[in-house]
Amino acid sequence: MDTDDYCRDIEAHLCRRNGGHLVRIAGPAFDMVRGWAQRGIPLKVALQGIDRYLDRSSARGMRRRPARVEFCEADVLDAFDAWRRAVGIHRAGAETAGGADGEGAGSGGDTGSDEAPRARARESLSTHLDRVIVRLTSLRTGDVPAAWDAVLEEFVRALDAMHPAARRARGEARERMLVDLEALDARLMERARTVAGADLLAEAAREAAAELEPFATRLSPAAYAAALARCEHRVLRDRLRLPTIALD
């Protein structure tokens, strides 16, 4: 996407979320949003960060006047960190930057693709399992195909069985449980692909390619292919509203 189009789309979204109030992105704000585009922050991810800030400020009764885009930057960067973790861009970027003469790392310095995501507070296993079980259970409400409902029930039961041990897991026991969660998450996505249908899978592939376009020339072919596969899974997960079973 052209940088000017990127900034205009951010401005239009911010105006809509501000109830139609015109909030211009100009001067330092324009430079900041242009920096998001240059770093390769996908438009959809930037909008998610803006929505996160606006939803939180509305819930707390903080919004007495239209919100400016500058207030949203921390949430946009957090959303970008989450996207990079899901897609594996920070690992691939660091690998590329370590290549000969820094080829593929971009020109003119830091692009943000090879920065490690900021450290997050570690979530307890039991809290994580509670949250995932609630999300999976909520997906079983309404008009759910029987085959998909059976898949969701299978994973809810598996996580329920792990929950007592999760409360006590420390050290090596916790690491083994993390490996088990990663395997469950991979299995869930495999099952999701079988029920998604060809149209949704094609849509996920197109959206993933668009999100990764800024990194296509920065990554090796192998790193790009791996990131593309992870990005397709991320899009499919969003479409099906699936939680991430694995815990970073």
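Q: Which way do α6 and α8 cross, left-handed or right-handed?
A: The crossing of α6 and α8 is left-handed. Bear in mind that this is a predicted model.

Q: What angle do α6 and α8 pack at?
A: About 20°. The axes of α6 (residues 125–138) and α8 (residues 171–196) are 12 Å apart.

Q: New topic. How do α1 and α3 cross?
A: Their axes come within 11 Å and cross at roughly 25°. That makes α1 roughly parallel to α3. The crossing is right-handed.

Q: Which residues make that contact?
A: On the α1 side, Tyr-6, Asp-9, Ile-10, His-13, Leu-14 and Arg-17. On the α3 side, Leu-43, Ala-46, Leu-47, Ile-50, Asp-51, Leu-54 and Asp-55.

Q: What's the split by type for α1 with α3?
A: Eight nonpolar, one polar and four charged.

Q: Leu-54 is on that list. Is it buried or exposed?
A: Leu-54 is buried, because its relative accessible area is 0% and buried means under 20%. Leu-54 sits in helix α3.

Q: How far is Leu-54 from Asn-18?
A: They are 36 residues apart in sequence. In space they are 8.6 Å apart, C-alpha to C-alpha.

Q: Okay, cores. How many residues does the largest nonpolar core have?
A: It has 37 residues. Ile-10, Trp-36, Ile-50 and Val-69 have the most contacts inside it.

Q: Which elements give two or more residues to this core?
A: α1, α2 (28–39), α3, α4 (73–87), α9 (198–212) and α10 (221–240). α3 gives the most, with seven residues.

Q: What is Ile-50 in contact with?
A: Leave aside its neighbours within four places in sequence. Ile-50 then contacts Ile-10, His-13, Leu-14, Trp-36, Val-69, Cys-72 and Val-76.

Q: And what about a second core?
A: There is a separate one of 30 residues. Trp-148, Phe-155, Leu-181 and Leu-236 are among them.

Terms used. Residues are numbered from 1 along each chain as its sequence is written. This is a predicted model: local features need pLDDT of at least 70, side-chain atom pairs count only at pLDDT 80 or more; totals for chains, interfaces and linings use all residues. Side-chain values use heavy atoms; hydrogens and water are left out. Axes are lines fitted to C-alpha atoms, for helices over the stretch in contact, and angles run from 0 to 180 degrees between N-to-C directions. Helices (H or I, at least four residues) and strands (E, at least two) are DSSP runs, numbered from the N terminus. Angles under 35 degrees count as roughly parallel, over 145 as roughly antiparallel, 65 to 115 as roughly perpendicular and the rest as oblique. A crossing is left-handed if the near helix is turned anticlockwise from the far one by less than a right angle, and right-handed if clockwise. Contact means heavy atoms within 4.5 Å. Ala, Val, Leu, Ile, Met, Phe, Trp, Tyr, Cys and Pro count as nonpolar, Asp, Glu, Lys and Arg as charged, and the others, Gly among them, as polar. A nonpolar core is a set of buried Ala, Val, Leu, Ile, Met, Phe, Trp, Tyr and Cys residues joined through side-chain atoms within 4.5 Å. Buried means under 20% relative accessible area, exposed over 50%, partly exposed in between (1.4 Å probe, protein chains only).
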